[in-house]
Amino acid sequence: MRKHHIACLAFVLVLFLATSATAAGKPSAAYSLHVGSYPSAEKAAEQVNNLNEKGCDAFSAKPEGKDGRWRVFVGRYQGADEAAREGSKLEKKKVIRFFAVRKIPAAGAQAEPTGARDNTTAKKESPAPEPPKAAAPKDRQPHPQVKITSATTEATQTPSKGKRPALHAFLAKKVESPGESVTEGLPLPEPFKFQLFGESGANNKKEAKDASLAEDEALYSDAVKLYRQGLYSKAVDKFRAYIDQFAGNPRSKVSFYWIAECYSQMKDAKKADDAFQEALKRWPDYQDLPREVLVSLGFHFFRQGAYDNIVGAFSYYINIYPDDPFRKEMSYLIARSLTEMQQFEPALKVFSALIEKYPDSKEATESAIIMANIGVKKPGLKLPAYMTGVQYYKDPVATYDMVLSKQLPSLEMTERILFQKAFALYQRNRFQEAFATSISLLKRFPNGPCKDATLAQLKVITVQLVDEDYKKADYLRVADTYFAAYEGAWVKSVDFGTGYRIADSLSRVGLYRDARRVSDHLLMVEKDSRNRNSLLVLMADVNIRERHYDEAERLVMELAKDASSLGRDDRVSLRRIQGDLYLKKGIYEKAAASYAEISAEGVADPAALHRNYGVALRFSDSCASALQQFQLAIRQSEKNKAANSQVLQDSLAGVGDCYLKTRKYPEAVTAYKQAVESAQSGAQNPWTLYNLGKGYVEMKNLSEANRVFSELKVRTGDDFWNKTIDYTLSDSAWTEKYRKYLSTK
């Protein structure tokens, strides 16, 4: 029910900000300004005459009650808002010193002008309109979203277990991690300066005490004057003296609040909170409180984390004083309080109205930040498309970029906005941008308050990014992520799955030393035997790629002893590595047998597997089967020619070798030409060029053969190829010359 009430107050505030002032409804009774109370009708009549001489419509009335004091009123107004505005004007003109808005019966029913009979008894005065009441402190725990901190806040001691912290202690409270509160990192609102409310103490001229004032009113007037002169300590003494001498008088209530306000101006938060607490216990409503006191009470609620009371107090204030110079700041504090209460929809509407009315203000910028933060924390709220600033909620990343382009008041705010931006990017699955933003933040603020939270967030983003790129077989980007996050020491620990993907990716892009280093680190910390065996299989593969065949063979033999304990993928990888070892040693039959046990479906790098299998079969004199494997390798390589250019070139050359061996020379020449054309950056295999020339020789196309052989000699500049080519041409000439004498099989 209370939340509904607060949401209604926020809605009223939105309507107020959208228009120049809140339209007053038709009142059910008249309102007047209560400006003084006197023990006798004569004293009241003197005050009425003085006010009438100043152009006021003043009158007096004797209320029913124990005090029996005559009260002096000024004016009759249709609504409390109108009365408050007129009272403010009279106060600024120094026609009256203070006032309280009172509801009075219809004109002529209860109060009579000064010239009337003094013994006329006024009817009982109706109660004043009730503003929102503050929740009783003992019934309300501090709000759980109190997370606002300030670098200038004095440190407080941690309360002992079971004790409620002092009301002022929350100013020094530090958040555990950024991002929990949508207002985190924003400047702590500063109490308003009240020079505009009253006279400046430096320019005041001492005024003689008005002899017409009653003793209690004179004492109260002196206390207020001391406050307005900035003599807060003396003002406290005067207000206390008033309370001691005139306990129970109407001014006693406001004197309690004035004392708290004086302590607030003296920046003694603890005494101010204690004084406000005492006053709230006695009078939980805001009726009759001067503007300064009501504002200070709002900041007391803010320090206490009583955000629901802030909304009530400041909404009441803005409606009573619509022309107040601080209504912008108060509206912002109302919206911020609604945010801390997690009433995001009404908060967004107030922020929107504030941005529309004050677009170039500091509060508008902070409102945009909070709207973006709400968009990160609570996406999916249904908001009107026409609402001003709705784009800040719907696109937090663009909002953060917009704010970061401005001159922000503190580096801490910049850091926290960057943190929020990284999280927003992560939330929207823009992992690469989230990663880059987090790295940039840590480089710019290596020891900032967001460091620990950013490192934790970066680790999560890194794991997600590695997993995503590894599934796409983008091993180069996985390697790049590794060097940025782990080699940069931003992420100092890694889970096994992520570490394995990094090591495997590093190996696949040829960074064998780094792959070995990651694997060695994982082996030192990993206890699970199956995971360790997976790493050993990977290490064996790295050793083969680095041509450390003996070490690779040692690992393979060790793993083969207990192959049944390996997972399916690791068993397949182990058989493949065994085949690669046999192939490197020239044991082609065993290599082919190892490859034959592997199904290419689902294995890593199937093109290379088919190529190697084809090579093993070709040197085992199984050209027909070898051709099938080479053709499969070619089809797999063409899916990603850039990544498999060498495999494609080798497989086309293998096809040529099979045709050359079976004396199908035109097919062999065609395959070799395709192999030469597929070579990137001119990196040709000399044997491919040689066999291409040899194919032309067998086809009796000596001109093309000589062209290819000349190119080979130029490319290599090696005497070996010169002698080999000369021998081939000589042998071909001799064979042609004596062919009729040679046996034909």
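What share of the 745 residues in the protein chain is buried? Buried residues make up 51% of them. Keep in mind throughout that this is a predicted model.

**Stop 1: the whole chain**

Show the protein chain as a cartoon. It has 31 helices and four strands. Switch to a surface. The protein chain exposes about 36900 Å², and carbon and sulfur atoms supply 50% of that area. Now consider contacts between residues at least 6 apart in sequence. Of these, 62% join residues at least 24 apart.

**Stop 2: helices H17 and H18**

Select residues 451-471, which form helix H17.

Next, show side chains at the contact. On H17, pick Thr 462, Leu 465, Val 466, Asp 469 and Tyr 470. On H18, pick Tyr 475, Arg 477, Val 478, Thr 481 and Ala 485. Colour this set by class: the contact of H17 with H18 has six nonpolar, two polar and two charged residues.

**Stop 3: Thr 481**

Stay on H18 and centre on Thr 481, which lies in this helix. Is Thr 481 buried or exposed? Buried means under 20% relative accessible area. Thr 481 has 1% relative accessibility, so Thr 481 counts as buried.

Which residues is Thr 481 in contact with, leaving aside neighbours within four places in sequence? Select Thr 462, Leu 465, Val 466 and Asp 469 among them. Phe 435 and Tyr 486 are also in contact with Thr 481.

**Stop 4: Glu 261**

Move to helix H6, residues 250-265, and select Glu 261 there. Its side chain is of the charged class. At 0% relative accessibility, Glu 261 counts as buried.

**Stop 5: Ser 352**

Finish in helix H11, residues 344-357, where Ser 352 has its place. Ser 352 has a relative accessible area of 4%, so Ser 352 is buried. Draw a distance to Ser 367, 15 residues apart from Ser 352 along the chain. The C-alpha atoms of this pair are separated by 7.9 Å.

Last, show what Ser 352 touches, not counting residues up to four places away in sequence. Select Met 371, Met 387 and Thr 388.

Definitions and conventions:
Residues numbered from 1 in each chain as written. Predicted model: local features only at pLDDT ≥ 70, side-chain atom pairs only at ≥ 80, totals over all residues. Heavy atoms only, no water. Helix = DSSP H or I, 4+ residues; strand = E, 2+ residues; numbered from the N terminus. Buried < 20%, exposed > 50% of the residue type's maximum accessible area, 1.4 Å probe, protein only. Contact = heavy atoms within 4.5 Å. Areas by Shrake-Rupley, 256 points an atom, 1.4 Å probe, with all protein chains shown as cover. Axes fitted to C-alpha atoms, helices over the stretch in contact; angles between N-to-C directions.
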